[in-house]
Amino acid sequence: FANADGGELFIGVENDGTVSGLAYSDDKIEILLNTPSTHIHKDTPLAITRAVRVNYQTKTILYFSVPKGTEFVYLTSDGRCLKRKDRESVPVSSEHILLSRAEAKSREYDRAFVENATVADLDLILVNAIAERISKGMSVEKALQHLDLAEFNGSKLILRRAALLLFARNPSKWHPRLQVRILKIEGNEIETGENFNVVSDEQITDNILILIESSWDLLRPHLTETRFSDNAIFETQIRYTELACREALINAIAHRDYSVEGRGIEVRVYTDRLEIINPGSLLSTIRIEDIKALRGVHESRNSYISRVLREGGYMRELGEGMRRIYELMDSNDLTPPDIKSSNNEFGVTLHYKYVYSNDVRLWLENFNELELTRDQKTVIRLGYGGHIISPREIWDAVGIEDTDYYRHILQSLEQIGVLVKTMDRRTAEIEARRKKIARKQIHRYKIVIPQRKGRKQEIGLSDDSDYATIYVVNVPYEANEQDLEVVFSKYG
């Protein structure tokens with residue numbers, strides 16, 4: 001009972017309520033009454049509220065009142081851990097009980113009332129901004145009550161902890177780690193000692209509403225890189241999908257375990273990936289498999305905080321954030337995020353890694369100017385390396401279920417001149433009969449790189465125009481204008 005929610009136990013009363021009594025000697029009765037001390041492990045002493053003998057209608061019964069344990073996970077004297085479930089005592093691991101207690105504590109954290117907090121402790125400008133979104137002219141006090149962030153106890157307005165986490169003027173007074181820390185790492189792992197490779201370590205502390213925007217401003221510059229472009233100039237390119245990163249950051253701030261007061265949220269920007277780690281494991285009612293399957297599962301640890309963020313427009317419906325991250329990564333041809341949950345933290349990792357290999361990605365860059373749809377790009381990917389494509393490959397790769405859409409895809413690529421037939425329909429039918437396979441399996445389409453103005457399809461062809469095209473490769477980033485002048489001067 002102590003490992004569950006506490007409870008009351010009658011010895012000598014059957015499950016149907018019949019009082020059977022105990023036909024034991026006084027010595028044996030005394031042994032039973034002493035079991036809370038004699039049969040509990042010495043390292044987990046149990047304080048029983050009541051352990052008494054009761055005489056009822058000439059029958060002897062024993063009554064035990066067991067409080068819910070909070071100080072220990074209680075073990076029997078022989079080291080077993082048991083937990084009451086309905087009418088049975090079932091074996092359970094100590095770790096499971098500790099996690100259950102920690103989760104219960106985290107669910108209650110933002111809804112608890114803080115007696116010594118007043119409205120004067122809040123940033124009223126922020127509260128008023130949320131109030132205006134709810135209803136024009138709504139007062140701060142009315143908005144706090146409407147959002148269940150405060151209650152009037154007859155003499156004053158008392159605030160829930162969620163109100164302080166969201167709006168506090170001095171957040172550190174109410175929570176020591178209301179912060180986001182952002183580390184930029186030069187490499188794929190954090191090194192130590194003389195190889196220490198953390199090149200930037202910044203953190204910001206504030207209430208949740210300000211923290212969302214200020215931490216995003218701090219993170220955003222780390223999402224880009226400078227590269228030497230095809231136009232021979234240095235350009236800043238975004239490495240990660242900004243919307244996916246912002247969704248992941250807001251998700252961490254909204255759903256972290258605030259009852260863990262010794263840690264804040266960490267964002268680690270490695271060379272090849274971005275990790276967002278927040279205190280608190282995934283709730284036991286949610287499975288990682290369901291998140292990855294995009295089933296829209298949702299349950300908020302911080303229900304009051306989440307409600308305000310929805311009212312403020314920072315979040316959509318619960319469960320929407322993770323699904324949105326997956327969709328954004330997929331639509332940008334990046335690998336799906338990794339999700340991990342341990343006993344004390346939850347992490348989302350966004351990889352700077354395309355679904356395609358580096359060679360295929362370079363091949364696809366030849367078609368960037370055409371502004372292709374994702375399905376068109378999928379068909380073009382099939383033609384990498386001069387591969388002749390079959391209709392079946394197109395149907396399977398794109399996931400086509402409609403013949404009209406299949407024809408639309410082919411016609412759209414033929415019209416822009418990147419897909420050509422290597423075999424007509426009649427020849428394909430003859431070839432299919434000869435090989436005794438379906439016509440859809442005959443390879444008959446080829447992808448060609450579109451011609452660009454001023455570019456020859458193959459390097460080395462003569463150019464009869466007044467100008468020639470110079471192809472520049474492998475220019476080191478450290479090259480300066482003088483270096484380039486020396487290289488090009490030999491050509492006039």
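Select helix α7 (residues 208-219) and helix α8 (residues 242-255) in this predicted model. Their axes come within 10 Å and cross at roughly 145°. Axes here are lines fitted to C-alpha atoms, for helices over the stretch in contact, and angles run from 0 to 180 degrees between N-to-C directions. Helices are DSSP runs (H or I, at least four residues), as are strands (E, at least two), numbered from the N terminus. The crossing of α7 and α8 is right-handed; that is, the near helix is turned clockwise from the far one by less than a right angle.

Now show the side chains. On α7, pick Ile208, Leu211, Ile212, Glu213, Ser215, Trp216 and Leu219. They meet Glu242, Cys245, Arg246, Leu249, Ile250 and Ile253 in α8. Contact means heavy atoms within 4.5 Å.

Residues are numbered from 1 along each chain as its sequence is written. In this predicted model, local features need pLDDT of at least 70, side-chain atom pairs count only at pLDDT 80 or more, totals for chains, interfaces and linings use all residues, and side-chain values use heavy atoms, with hydrogens and water left out.

Stay in α7 and centre on serine 215. Is serine 215 buried or exposed? Serine 215 is buried, because its relative accessibility is 0%. Buried means under 20% relative accessible area, exposed over 50%, partly exposed in between (1.4 Å probe, protein chains only). Which backbone oxygen does its side chain reach at 2.5 Å? That of leucine 211. A polar atom of the serine 215 side chain also lies 3.4 Å from the backbone oxygen of isoleucine 212. Leaving out residues up to four places away in sequence, serine 215 touches Val180, Ile182, Ile204, Leu249 and Ile253.

Next, select helix α14 (residues 391-398) and helix α15 (residues 403-415). Their axes come within 11 Å and cross at roughly 105°. The two helices are therefore roughly perpendicular to each other (65 to 115 degrees). Pro391, Ile394, Trp395 and Val398 of α14 make the contact with Thr403, Tyr405, Tyr406 and Leu410 of α15.

Finish in two loops. Most residues other than glycine have a negative phi. Go to aspartate 148, between α5 (140-146) and β7 (150-152). Its phi is positive, near 60°. Aspartate 148 counts as partly exposed, at 35% relative accessibility.

Then jump to lysine 436, in the loop between α16 (425-435) and β18 (445-447). Lysine 436 has a positive phi of about 60° and is not a glycine. At 77% relative accessibility, lysine 436 counts as exposed.

Key: Parallel < 35°, antiparallel > 145°, perpendicular 65-115°, else oblique. Polar contact = N/O pair within 3.5 Å; in protein donor to acceptor, adjacent residues only side chain to side chain.
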